[in-house]
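Here is a quick tour of one model, with a look at its strands, a helix, its charged pairs and its rings. Have the viewer open as you read.

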Amino acid sequence: MKKTIYAAFVFAALGLAACNSGEETSTNDETKAENKEEKVEAVKYTLNSEESELGWRGSWIAPGEDGEMQEMKSHEGTVQISEGMVTVEGDDISGSFTVDMTTISNEDLAEEEGKKKGLESHLKGTFEDKEEKNKDFFQTQKYATVDVTLKSIKDGNADLVLNIMGMEMEQTVPVTTKTKGDKMMINGDF
């Protein structure tokens, strides 16, 4: 029976702190010429990696007795976001962040049994005793990071471009954003 694994990264809490860029831009040159000047100040938020969390969940999916696909087993853990920035200009939100795949860790297996280290090596593609170790999952020796570009957030949906293992994937995912003082929080799953 062939098993397929699906991984879901949970972009659980991306904490950002504001840095006022001091830049001002006009919302529309024609409006500026016709009416009073409306200026929108761009606010830049820098990732606070200590307050940001990226969880992952991977599952083995296989046909059940009824032939329908079902989850057979799963694991979960975390991976660190190394850097990132979001710019808010009026209603426009864009930015990017970098996920350090070398930090992927498992949270549900016991360290003392050696299974935790084995799964992490499997995910990273760093098994030393495997001939084709770099074909395992994320191949972190070759692809240490995943770059995520936030193209926009509109109507509670984020348009993302993920650059992972030399491939580009586009996704639209539901997110919530919250701004309090000089901090912004973005929560969602991708």
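## Ground rules

Helices here are DSSP runs of H or I with at least four residues, strands are E runs of at least two, and both are numbered from the N terminus. Keep in mind that this is a predicted model.

## Helix α2

Start with α2, which spans residues 115-124 and has Lys116, Leu119, Glu120, Ser121, Leu123 and Lys124 as its buried residues. Those residues pack against three strands: β3 (53-63), β4 (69-89) and β5 (92-106).

An α-helix has 3.6 residues a turn, so residues three or four places apart point the same way. Lysine 116 comes out at 15% relative accessibility and glutamate 120 at 14%; both count as buried because the cut-off is under 20%.

β4 and β5 pair antiparallel over eleven bridges, with threonine 87 standing opposite serine 94 of β5. The two strands form a hairpin with two residues between them, and glycine 90 in the turn takes a positive phi of about 65°.

β5 also pairs with β6 (residues 145-154), again antiparallel, over six bridges. Here phenylalanine 97 is found opposite valine 148 in β6.

## Valine 99

For a spot inside β5, pick valine 99. With 3% relative accessibility, valine 99 counts as buried. Which residues does valine 99 contact, leaving aside its neighbours within four places in sequence? The list is Leu54, Val79, Gln80, Ile81, Ala144, Thr145, Val146 and Val148.

Another pairing to look up is valine 99 with isoleucine 164: they are 65 residues apart in sequence, and their C-alpha atoms are 9.8 Å apart in space.

## Salt bridges between strands

How many salt bridges does the model have? The count comes to four. One of them joins the side chains of arginine 57 and glutamate 71, at 2.9 Å from N to O. This pair links distant parts of the chain, with arginine 57 in β3 and glutamate 71 in β4, 14 residues apart. Both ends are partly exposed: arginine 57 has a relative accessible area of 32%, and glutamate 71 comes in at 40%.

Glutamate 170 and lysine 151 form another salt bridge, where the closest N and O atoms are 3.5 Å apart. Glutamate 170 belongs to β8 (residues 167-180) and lysine 151 to β6, so this pair ties together parts 19 residues apart in sequence. Glutamate 170 is exposed, with a relative accessible area of 57%, while lysine 151 is partly exposed at 44%.

## The aromatic pair

A search of the whole structure turns up one aromatic pair. It consists of phenylalanine 137 and phenylalanine 138, whose ring centres are 6.3 Å apart and whose planes make an angle of 45°, so the pair is tilted. Stacked would need planes under 30 degrees apart, and edge-to-face over 60.

Technical notes:
Residues numbered from 1 in each chain as written. Predicted model: local features only at pLDDT ≥ 70, side-chain atom pairs only at ≥ 80, totals over all residues. Heavy atoms only, no water. Buried < 20%, exposed > 50% of the residue type's maximum accessible area, 1.4 Å probe, protein only. Contact = heavy atoms within 4.5 Å. Phe/Tyr/Trp six-rings, centres within 6.5 Å; stacked < 30°, edge-to-face > 60°. Pairing = 2+ DSSP bridges.
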